[in-house]
Amino acid sequence: MSRADLEKLITTVQQNNPNADVGLIERAYTFAETAHSEQTRSSGDPYIIHPVAAAQTLAEMKLDDSTIAAALLHDVVDDTPFTVEDIKNEFGEEIAFLVDGVTKLGKIKYRGEERHVENLRKMFLAMAQDIRVVLIKLADRMHNMETLSALPEQKQYRIALETLEVYAPLASRLGMGELKSRLDDLAFPYVYPEEYKLLLSKIGDLYEKREAYLEKVKPILYAILDKENVHPLAVHARAKHYYSLWQKMHRLNMEIDKIYDLVALRIIVKDIPACYETLGIIHKYWKPLPGRIKDYIALPKPNGYRSLHTTVFCEDGVITELQIRTQEMHQEAEYGIVAHWNYEEEGKPDHGSITSRKLRWVKQLSEWQHETQGTDEFLDALKIDFFRERIFVFTPKGDVIELPEGATPLDFAFAIHSQIGEQASGARINDKFVGLDTPLRNGDVVEIIVQKGKKPSQQLMEVAKTTAARSHLRKSLRSQGIELAPKKEPVRVEMILGVENRVGLLKDVTATLAKFGVNIIKIEGSEKKNLAEINIVANISSKQDLPRIIVRLKKINGVADIKSRFV
Ligand code: MN
């Protein structure tokens, strides 16, 4: 039964990584099978086929043992009596962390609020903390989509819509084009059944015809290239995915026979010079359509996609799109961020350039989060810390509100509406009553208790952390004739940081202090073997700020400990 699936999984794992810990995979399988033994899928199948399918997807992406084991265990905490603690005892910290992450992400639900969907995607990454958690979740969703027909109709629509709006764009953001298209195509018929049917009727047997035509072109292409001494590694016909075809037709209001890349010919060659050479040869034999030559090698798409595209009058004058790329570009286009760390793990010789390309992905992700600064430091590609200074919380209706770290329910209230901020008298976080000054955490569901006619008091200035909330408050207080107390005298503090020195460390420290508006009076460093000390004397605006400043400083890579005192 599913033992065969396990054997297939192990074969894939061993093919991609001969040093893989097969024992670990087997133990995780046995644990999951036992834990889920009482359950079946809606289809009636034993539950274990689902985690095994997710693990298989990840094994094909060449992910590491821990990720694959965690994929096998990903539903154990949510659906069985076992806890994260049990997983930790059995499989250690790392796998428990991954499973816990996937379980937490499972609680994020898209409820069809278009204007908050971007925040929801960011929240997803912020909560995942480790990109492998997102990958497990994507593999999980892939199998759920493949088996969606077994669910009741209402659920089908919700899950498919969420896939289209949240999961597929996330896969795209990570550069995983293949995964994105598969998710899109699985969701399409459930979300837009009428459009899907219409598209199928328009397509008719076009795909088959085009594929048959390209099979005829292939040997001619090989012969042409051979004559010019170019030997492609592979040539394949590539059918355009349904959902992207639909979007293209919809967007351009085009007739289907004007879409030249319905089925395109993809040519894989050994290196970049060979890409341009191939393009030149093709244009020598088949005339290109003007304005349709695209050099995504010199100018990659925003998601990092690289290839040369051209559309030519091919054999018998049939207009045909050709795409030319290297094997590595191909891997990147299919697997995105994952392709990079596979290359690196294999220890390919051009380590330097790969690192810089991996960095490009990291940069692209972080550009998405426009507030992020200082990506010049190389960030660990597995860690998603672009969002470390932002948190994402829910309204009771499921809208996602983005706030800075340390924000309170009062900031949340002002972010919703100034009137709610002014009349806020208390809050409930995850159904518990709390004060307006309670710090919010990622994923909290926040509800504001409003008292009609209430006027804000001056004390709330201490509670409001965001600029927006503070300026609203100030305005409202002034309208009540309350003059704000003059600014308090700053407090002087001395901090001694024990650090493991590295390039850029001092810059990170001063940048962090600047974010808190700390006025540095004196800063000096001293070296003691490999450990060093940074001594800082500074003015901060209030004593209460110090713990937060210290917490933030401790997060900086290289800062080992901090001593502080008021002077
Ligand atoms: Mn699952």
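Student: Is Asp 316 buried or exposed?
Tutor: Buried means under 20% relative accessible area, exposed over 50% and partly exposed in between (1.4 Å probe, protein chains only). At 64% relative accessibility, Asp 316 therefore counts as exposed.

Student: At what pLDDT do side-chain atom pairs count?
Tutor: Residues are numbered from 1 along each chain as its sequence is written, and side-chain values use heavy atoms, with hydrogens and water left out. This is a predicted model, in which totals for chains, interfaces and linings use all residues, local features need pLDDT of at least 70, and side-chain atom pairs count only at pLDDT 80 or more.

Student: Where is Asp 316 found, and what is its phi?
Tutor: Asp 316 is in the loop between strand S4 (308-313) and strand S5 (319-326); helices (H or I, at least four residues) and strands (E, at least two) are DSSP runs numbered from the N terminus. Its phi is positive although the residue is not glycine, with a value near 60°.

Student: What is phi of Asn 430?
Tutor: Asn 430 sits in the loop between strand S8 (424-429) and strand S9 (432-434). Its relative accessibility is 39%, so Asn 430 counts as partly exposed. Asn 430 is a residue other than glycine with a positive phi, near 45°.

Student: Which residues are the protein donors of the manganese ion?
Tutor: Donors are N, O and S atoms within 2.8 Å of the metal (3.2 Å for Na, K and Ca); water is not among the atoms, so sites may look incomplete. The protein donors lie 2.1 to 2.3 Å from the manganese ion and are His 50 (NE2), His 74 (NE2), Asp 75 (OD) and Asp 140 (OD).

Student: How many residues apart in sequence are the parts tied together by His 50 and Asp 75?
Tutor: Along the chain, the donor spacing is H-x23-H-D-x64-D. His 50 belongs to helix H3 (residues 49-60) and Asp 75 to the loop between helix H4 (65-72) and helix H5 (76-79), so the pair ties together parts whose separation in sequence is 25 residues.

Student: How many residues in the contact of H9 with H10 are charged?
Tutor: The axes of helix H9 (residues 131-146) and helix H10 (residues 153-173), lines fitted to C-alpha atoms over the stretch in contact, come within 11 Å and cross at roughly 145°. Contact means heavy atoms within 4.5 Å, and this one is made by residues including Lys 137, Leu 138 and Arg 141 of H9 and Glu 162, Thr 163 and Tyr 167 of H10. Counting Asp, Glu, Lys and Arg as charged, Ala, Val, Leu, Ile, Met, Phe, Trp, Tyr, Cys and Pro as nonpolar and the others, Gly among them, as polar, the contact has six nonpolar residues, one polar and, as charged, three.

Student: Which residues touch the most other members of the largest nonpolar core?
Tutor: A nonpolar core is a set of buried Ala, Val, Leu, Ile, Met, Phe, Trp, Tyr and Cys residues joined through side-chain atoms within 4.5 Å. Leu 138 touches Tyr 167, Ala 171, Leu 174, Met 176, Leu 179 and Leu 183, leaving out residues up to four places away in sequence. Of the 112 residues in the largest core, those touching the most other members are Leu 73 and Leu 138.

Student: How far apart in space are Ala 560 and Gly 498?
Tutor: Ala 560 is found in strand S14 (residues 559-566). Its contacts, neighbours within four places in sequence aside, are Gly 498 and Val 499. Ala 560 and Gly 498 are 62 residues apart in sequence, but their C-alpha to C-alpha distance is 5.4 Å.

Definitions and conventions
Axes are lines fitted to C-alpha atoms, for helices over the stretch in contact, and angles run from 0 to 180 degrees between N-to-C directions.
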